[in-house]
Amino acid sequence: MKVKQLSLFLENQPGALSRPVKLLAEAKFNILTLALADTQQFGILRFIVRDWRKAKTLLEDANCVVKVTDVLVLEVADEPGGLAAILSVLETARVNVEYMYGFTLRTEGKGLLAFRFDDPDSAIAALEQKGFKPVRSVDLFKRLES
Amino acid sequence: MSKQAQDSTRLFHPVSAPDFLPLPQLRALQLQRLQAIVKRAYEHVQLFRQRMDALGAGPQDINSLEDIGRLPFTVKTDLRDTYPFGLFASPMKEIVRLHASSGTTGKPIVVAYTQEDLGVWTNVMVRSFAACGLHEGDVIQNAYGYGLFTGGLGAHYGAEALGATVIPISGGNTQRQLLVMKDFGATAICCTPSYFLHLIDQAAEAGLKLKDLPLRAGIFGAEPWTESMRRRIEADSGIKAYDIYGLSEIVGPGVAMECPCQSGPHIFEDYFYPEIIDPKTGKPVGDEEEGELVLTTLGKQAMPMIRYHTRDITALTAERCECGRTLRRIKRISRRSDDMFIVRGINVYPSQIETALLRVEGALPHYQILLTRDKGLDEMEVQVEVTAEVFTDTVGALERLQQQLNQSIESTVGLRAKVRLVQPRTLQRSEGKAKRVIDQRQM
């Protein structure tokens with residue numbers, strides 16, 4: 001159910017983002033989606049790639065600090081109220097969304113969002129009960145790379 | 001047998017006998033040697049003779065150890081001013097070895113040894129190794145630099161004379177250090193504490209578990225370090241970390257060394273006479289009181305040192321150590337009087353910053369202090385490398401860490417600093433001594 005996301009510590013300065021991105025490009029990693037959180041002083045780059053173990057090793061060898069985090073990828077109906085429906089399930093289950101970001105892909109009238117929850121397992125349980133099924137890694141990569 | 005048990009069974013190594021001299025005997029020996037060395041310095045070194053004459057005190061005035069207070073001090077610039085050989089008390093044909101300091105500014109300082117001096121040096125180094133439980137059969141990886149620096153050869157001769165197996169690997173080349181440590185089964189290592197921290201990091205990255213290796217002791221010196229660094233080293237590597245003290249001007253490493261009690265290095269007082277003075281007034285301070293360490297060599301022929309200002313801030317304790325040594329101990333030297341920097345009128349030592357950082361998060365040992373001046377106001381930025389242990393995926397957690405570090409520094413030194421988290425390995429790494437302070441202020 002859970003999809004592995006890599007988080008990377010970045011200093012807030014020119015070149016900090018391009019260095020890891022270049023490394024990933026040279027090693028032919030396709031970044032399926034990414035999001036950048038930043039403050040004045042530092043940033044966190046979050047992204048999803050298929051072979052996250054290799055990507056992690058690659059970046060760590062280049063002296064980056066990398067953390068692996070579980071996120072859930074959910075299909076969201078691309079229509080008014082699509083996201084609200086999911087959030088209300090989570091609200092009822094009292095699960096916090098720490099952050100979320102989108103994928104550029106849209107199929108069959110649905111978009112994809114990556115969610116980071118404080119309690120992923122409770123989120124899965126609550127969502128499934130209401131018929132929202134998180135997208136499994138295998139299906140995600142199949143869909144994105146087809 | 002456990003690592004500790006092995007150490008304690010060898011507490012009383014025969015070479016360590018002078019460490020346990022009864023006090024009256026030790027003091028008598030010191031006086032006898034002091035009288036001889038002052039005489040030698042007066043007769044053979046112009047600078048000492050002129051200084052003593054100017055003060056109206058000479059060899060004939062040394063009738064007790066307290067009389068040392070009547071003698072003039074020697075400072076580092078005296079060695080520069082008499083460069084290269086001006087303080088030698090022996091003719092060149094009797095001098096068998098020269099060493100020199102790195103000399104960050106201008107000329108280096110040169111020190112000399114007769115054959116007998118090398119014997120003294122080797123003797124105190126053997127006693128240093130024995131003090132921390134090393135003996136024949138130990139494999140000592142000597143990662144102090146070989147060459148003009150006294151660390152490498154000093155530790156080398158001592159380890160050989162102890163009967164240990166020496167690996168003269170010298171400093172640097174971290175990957176090879178780890179390979180040799182593992183494959184040659186090193187049981188002890190000599191290097192700077194900051195370099196050993198670097199080795200710990202590199203070992204972890206290479207998936208090498210130091211705790212599984214036979215390595216059990218580290219003889220760390222040549223730069224100031226702290227108790228918190230010792231705790232981190234011991235926790236992360238499973239070895240015992242011992243503090244060795246020395247300086248080229250006096251002999252090199254082996255002026256003082258810790259015993260298994262790890263409660264401060266014992267000065268090898270039969271060869272080095274310690275005083276603690278107030279660096280401002282030059283007056284002696286009391287037992288246990290902090291001040292600058294001043295040393296007089298009691299056994300060196302080629303280059304006697306009379307009341308040499310070490311610039312190291314410490315305190316002397318006469319309290320008897322549990323190990324039974326009668327030698328007085330110095331408190332761990334965590335700072336030097338010239339390490340200190342002043343920010344907005346407040347005296348700050350790098351060790352205070354380090355203590356503040358480690359108090360918050362035990363896994364942040366790599367830092368650098370950047371001093372700048374903006375519109376006449378000093379700014380202190382403390383750059384701290386983020387490690388995998390403390391990095392979390394949320395901005396809030398990192399901001400909290402930054403805030404805690406800021407608060408800890410402020411409460412430790414009484415000064416606001418700006419903590420900046422930086423990527424790992426962006427700060428200058430020490431193969432030798434760590435560069436902690438970068439001062440970019442235009443005075």
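The model is predicted, and local features are taken only where pLDDT is at least 70, side-chain atom pairs count only at pLDDT 80 or more, and totals for chains, interfaces and linings use all residues. Residues are numbered from 1 along each chain as its sequence is written, while chains are lettered from A and ligands numbered from 1 in the order in which they are written. Helices (DSSP H or I, at least four residues) and strands (DSSP E, at least two) are numbered from the N terminus.

**The chains as a whole**

- Chain A contains 5 helices and 6 strands, and from the N terminus on its elements follow the order β-α-β-β-α-β-α-β-β-α-α.
- Of the 146 residues of chain A, 29% count as buried, a residue being buried if 20 or more other C-beta atoms, placed from the backbone, lie within 10 Å of its own, exposed if 12 or fewer do, and partly exposed in between.
- In chain B there are 11 helices and 20 strands, and buried residues make up 46% of its 443 residues.
- Two residues are in contact if their C-beta atoms, placed from the backbone, lie within 7 Å; among contacts in chain A between residues at least 6 apart in sequence, 69% join residues at least 24 apart.
- For chain B, residues 24 or more positions apart account for 68% of the contacts with a separation of 6 or more.

**Where chain A meets chain B**

- The interface brings 14 residues of chain A into contact with 16 residues of chain B.
- On the side of chain A that touches chain B, the elements giving two or more residues are β1 (3–11), β3 (42–48) and β4 (66–77) of chain A, and the largest share, 3 residues, comes from β1(A).
- By class, this side of chain A has 6 nonpolar, 5 polar and 3 charged residues, where Ala, Val, Leu, Ile, Met, Phe, Trp, Tyr, Cys and Pro count as nonpolar, Asp, Glu, Lys and Arg as charged, and the others, Gly among them, as polar.
- A:V65, in the loop between α2 (52–61) and β4 of chain A, counts as buried because it has 21 C-beta neighbours inside 10 Å.
- Leaving aside its neighbours within four places in sequence, A:V65 is in contact with A:F9 and, in chain B, with B:V386, B:T387, B:A388, B:F391, B:Q423 and B:P424.
- A:V65 and A:L10 are 55 residues apart in sequence, with their C-alpha atoms 8.5 Å apart in space.

**A mixed four-stranded sheet in chain B**

- In chain B, 4 strands form an open sheet of mixed pairing in the order β19-β18-β17-β20, two strands being paired if DSSP finds at least two bridges between them.
- β19 (418–422) and β20 (437–439) of chain B stand at the edges, each with a single partner strand, so one side of each is left without a neighbour in the sheet.
- Neighbouring strands of this sheet are turned by 25° against each other on average, direction ignored.
- Strand β17 (residues 367–374) of chain B runs parallel to β20(B), the two being joined by 3 bridges, and B:L371 stands opposite B:D439 in β20(B).
- Helix α10 (residues 350–360) of chain B lies across β17, β18 (377–385) and β20 of chain B, running at about 120° to β17(B); angles run from 0 to 180 degrees between N-to-C directions, and axes are lines fitted to C-alpha atoms, for helices over the stretch in contact.

**Helices α5 and α6 of chain B**

- Helix α5 (residues 115–131) and helix α6 (residues 150–162) of chain B pack at an angle of about 70°, with their axes 8 Å apart.
- That makes α5(B) roughly perpendicular to α6(B), a term covering angles of 65 to 115 degrees, whereas those under 35 count as roughly parallel, those over 145 as roughly antiparallel and the rest as oblique.
- The residues of this contact between α5(B) and α6(B) divide into 11 nonpolar, 4 polar and no charged.

**Buried strands of chain B**

- Strand β2 (residues 110–114) of chain B has 5 of its 5 residues buried, with B:V110, B:A112 and B:T114 on one side and B:V111 and B:Y113 on the other.
- Strand β1 (residues 95–100) of chain B runs antiparallel to β2(B) and is joined to it by 5 bridges.
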